[in-house]
Amino acid sequence: LFGPLATYYSAELNRWITKHHGLIHFSKRDFYPCFKKAWQAAFKELNIQSGWTKTGLNPFNPSIVLNKLRRPQSEQPSGAEELLPVKIRSYQHAKNLVNQALGPQRSSAAKQLTDSYLSLAAEVELLNHEIANLYETV
């Protein structure tokens, strides 16, 4: 509704400027008559119904808004899970995989790498949980 309102208001303002040849300042008193004409032109039943339809409110269609919120696959940044050779189900799963692969004897570099890996696995688990909660909210 506000897109058409802005368009109609611009048209009314252009008419006013043309009518006065741009020689008179546009005052507060001039605003309301221009705005009223724009409002009456924009807020027609057809525009109102179109606004309800485009937002998915009537008929109810939440996917209209949800599709605008979701990024297309090509725009989504690749997550940490996509870089891992196996899908990590949880932090504990990641910890078990590291322990199986490296065993108890580790160099300081391997320990540092392990800590970083487990930190990322924990972060992925938290982010997945947060995303799931956001989807439930929407």
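Predicted model: local features only at pLDDT ≥ 70, side-chain atom pairs only at ≥ 80, totals over all residues.
1. Pro 59 sits in the loop that runs between helix H3 (45-54) and helix H4 (63-69). The peptide bond joining Asn 58 to Pro 59 is cis, with omega at about 0°.

2. Overall make-up. The secondary structure of the protein amounts to seven helices and zero strands. Read from the N terminus, the order of elements is α-α-α-α-α-α-α. Of the 138 residues in the protein, 14% are buried. Among contacts with a separation of 6 or more, 48% are between residues 24 or more positions apart.

3. Packing of H1 and H2. Helix H1 covers residues 2-19 and helix H2 covers residues 28-42; the two pack at an angle of about 135°, and their axes are 8 Å apart. That angle makes H1 oblique to H2, because an angle counts as roughly antiparallel if it is over 145 degrees and as roughly perpendicular if it is 65 to 115. The crossing of the two helices is right-handed.

4. Residues at the H1-H2 contact. On the H1 side the contact is made by Pro 4, Leu 5, Tyr 8, Tyr 9, Glu 12 and Trp 16. H2 contributes Asp 30, Phe 31, Cys 34, Phe 35, Lys 37, Ala 38, Trp 39, Ala 41 and Ala 42. Sorted by class, the contact of H1 with H2 holds twelve nonpolar residues, no polar ones and three charged ones.

5. The nonpolar core. The largest nonpolar core consists of six residues, namely Leu 5, Tyr 9, Trp 16, Cys 34, Ala 38 and Ala 42. H1 and H2 are the elements that give two or more residues to this core. Leu 5, one of the core residues, is in contact with Phe 35, Ala 38, Trp 39, Ala 42 and Phe 43 once its neighbours within four places in sequence are left aside.

6. Ala 38. This residue lies in helix H2. Ala 38 is buried, with a relative accessible area of 0%. If neighbours within four places in sequence are set aside, Ala 38 is in contact with Leu 5, Tyr 8, Tyr 9 and Glu 12.

7. Glu 12. Glu 12 belongs to helix H1 and is one of the residues that make the contact with H2. Glu 12 has a relative accessible area of 13% and is therefore buried, the cut-off for that class being under 20%. Not counting residues up to four places away in sequence, Glu 12 touches Cys 34, Lys 37 and Ala 38.

8. Pro 33. Pro 33 is placed in helix H2. With a relative accessible area of 42%, Pro 33 is partly exposed. Between Pro 33 and Glu 12 the C-alpha to C-alpha distance is 9.2 Å, and 21 residues separate the pair in sequence.

9. Lys 44. The loop between H2 and H3 holds Lys 44. Lys 44 has a relative accessible area of 47% and is partly exposed. Lys 44 and Leu 1 are 43 residues apart along the chain, with 9.1 Å between their C-alpha atoms.

Note on methods. Residues numbered from 1 in each chain as written. Heavy atoms only, no water. Axes fitted to C-alpha atoms, helices over the stretch in contact; angles between N-to-C directions. Helix = DSSP H or I, 4+ residues; strand = E, 2+ residues; numbered from the N terminus. Parallel < 35°, antiparallel > 145°, perpendicular 65-115°, else oblique. Left-handed = near helix turned anticlockwise from the far one by under 90°. Contact = heavy atoms within 4.5 Å. Nonpolar A, V, L, I, M, F, W, Y, C, P; charged D, E, K, R; others polar. Core = buried A, V, L, I, M, F, W, Y, C linked by side-chain atoms within 4.5 Å. Buried < 20%, exposed > 50% of the residue type's maximum accessible area, 1.4 Å probe, protein only.
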